Amino acid sequence: MIQKLHGHSGCRLELIDNNGTIFVRKISRSVSYNERLIAQCVKQGIDDTEGFLTPKIFSKGYLKKLFYFDMEYINGLSFTDYLTNIPITSIERYADLFLKIIPSNPIYDGDARGIFINKVNELDSQIIVKSDSVKIAIQQLKHFDWKCIYQGKCHGDLTFENILIHNDRAYLIDFLDSFYDSWMIDISKLFQDLELQWSYRNYFSIDENLNIRLIILKKMLIEKLLQLDQGKNIVLTIYMMLILNLIRIIPYVDSQKDHLFIESALNKINILINKQL
Ligand SMILES: Nc1ncnc2c1ncn2[C@@H]1O[C@H](COP(=O)(O)OP(=O)(O)OP(=O)(O)O)[C@@H](O)[C@H]1O
Ligand SMILES: [Mg+2]
């Protein structure tokens, strides 16, 4: 092994040099997590998201009952770091790339409404201790009319940390199963970074250069989304999904710092929604 790589899911990631062939091995964090990592490996293997690549999977198996898979090493930067120094004139290229995940014929799903209402109710009963911001957020989710949801292929955790850039090509890693498959959930994860800087939460600070790029990319995405049929409803639903993402994280958060992050994120989105975005 050359180096350990770092993520947050608790899985082990190792950069391995096998007689000159370098690859990344991702190993499940526990036997009970095997199933999710297998699903991730399958999703990465079949993924053909328009405009994006995925690291090739070389092999898979078990080590001491823990599932693992070996994949191509992408010697690039995560989009988190890449965005800091990107020329302003290249930002639109990435806005267009991200919007390629929208199918050319978006499929409206009438059943989605019930699935989202159930998810919100499930979270409401799962989170026992609720701060005022969490209570307000859950009420907002309960009163929201989830009538504008389009289904479609979904990465499941499309944060900037899970997009790697190498030679100007974007690779997707760390696929996740989602309670519902919609490209709108993926876009809401992008907004988790654009609006709330989730992937930068452990950075010491965010400098002016990065800040301006985040703002430009966010504005471009919103403008382009608003041009879609039902654009305003789509943008509003994406922001409600962003609140839902934050509430879904709560049961897994163990540090005071991440709790504070979620509190201030919920307050910020609440203010934005009350101002009609
Ligand atoms: N194929 C790869 N090539 C290069 N770097 C990689 C590769 N796979 C993972 N990495 C690096 O390791 C980090 C963690 O990987 P990954 O996102 O799969 O882990 P994780 O523990 O599941 O994290 P998460 O909290 O996002 O679920 C990535 O952000 C990336 O920097
Ligand atoms: Mg990751």
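Analyst: Across the interface of domain 1 and domain 2 there are 2 salt bridges, and keep in mind that this is a predicted model. Polar contacts across that interface come to 9 residue pairs, both partners at pLDDT 80 or more. On the side of domain 1 that touches domain 2, α1 gives the most, with 4 residues.

Now the bounds: the domain assignment puts domain 1 at 3-72 and domain 2 at 77-274. Their centres, taken over C-alpha atoms, are 24 Å apart, and the contact draws on 16 residues from domain 1 and 21 residues from domain 2. As for area, the two domains bury about 1,800 Å² between them, with 57% of it on carbon and sulfur atoms. Within domain 1, Lys-43, Phe-52 and Leu-53 lose the most area to domain 2, and together they make up 37% of what that side buries.

Back to charges. Lys-26 and Asp-174 pair their side chains in a salt bridge, 3.0 Å from N to O. Asn-162 counts as buried, because its relative accessible area is 6%, under the 20% cut-off.

For context, the whole count is 16 salt bridges. One of them joins Glu-72 and Lys-56, at 3.9 Å from N to O, so that pair falls just inside the 4 Å limit. Glu-72 lies in strand β5 (residues 66-72) and Lys-56 in the loop between α1 (34-46) and β4 (57-63), 16 residues apart. Lys-56 is exposed, with a relative accessible area of 55%.

Helix α4 (residues 112-126) has charged pairs as well. Glu-122 and Lys-119 form a salt bridge at 3.4 Å, N to O; they sit 3 residues apart in the helix, so about one helical turn separates them. Lys-119 is buried at 13% relative accessible area, whereas Glu-122 is partly exposed at 41%. Asp-124 pairs with Lys-142, whose closest N and O atoms are 2.6 Å apart. That one runs between helices, with Lys-142 in α5 (residues 132-143) and Asp-124 in α4, 18 residues apart. Finally, Glu-92, Asp-96 and Lys-224 are linked in a network of salt bridges.

Terms used
Residues are numbered from 1 along each chain as its sequence is written. Chains are lettered from A and ligands numbered from 1 in the order in which they are written. This is a predicted model: local features need pLDDT of at least 70, side-chain atom pairs count only at pLDDT 80 or more; totals for chains, interfaces and linings use all residues. Side-chain values use heavy atoms; hydrogens and water are left out. Helices (H or I, at least four residues) and strands (E, at least two) are DSSP runs, numbered from the N terminus. Buried means under 20% relative accessible area, exposed over 50%, partly exposed in between (1.4 Å probe, protein chains only). Domain bounds come from an automatic or database domain assignment. Contact means heavy atoms within 4.5 Å. Buried area is the accessible area (1.4 Å probe) that two parts lose on being put together, summed over both. A polar contact is a pair of N or O atoms within 3.5 Å; within protein, one must be able to donate a hydrogen and the other to accept it, and residues adjacent in sequence count only if both atoms are side-chain atoms.
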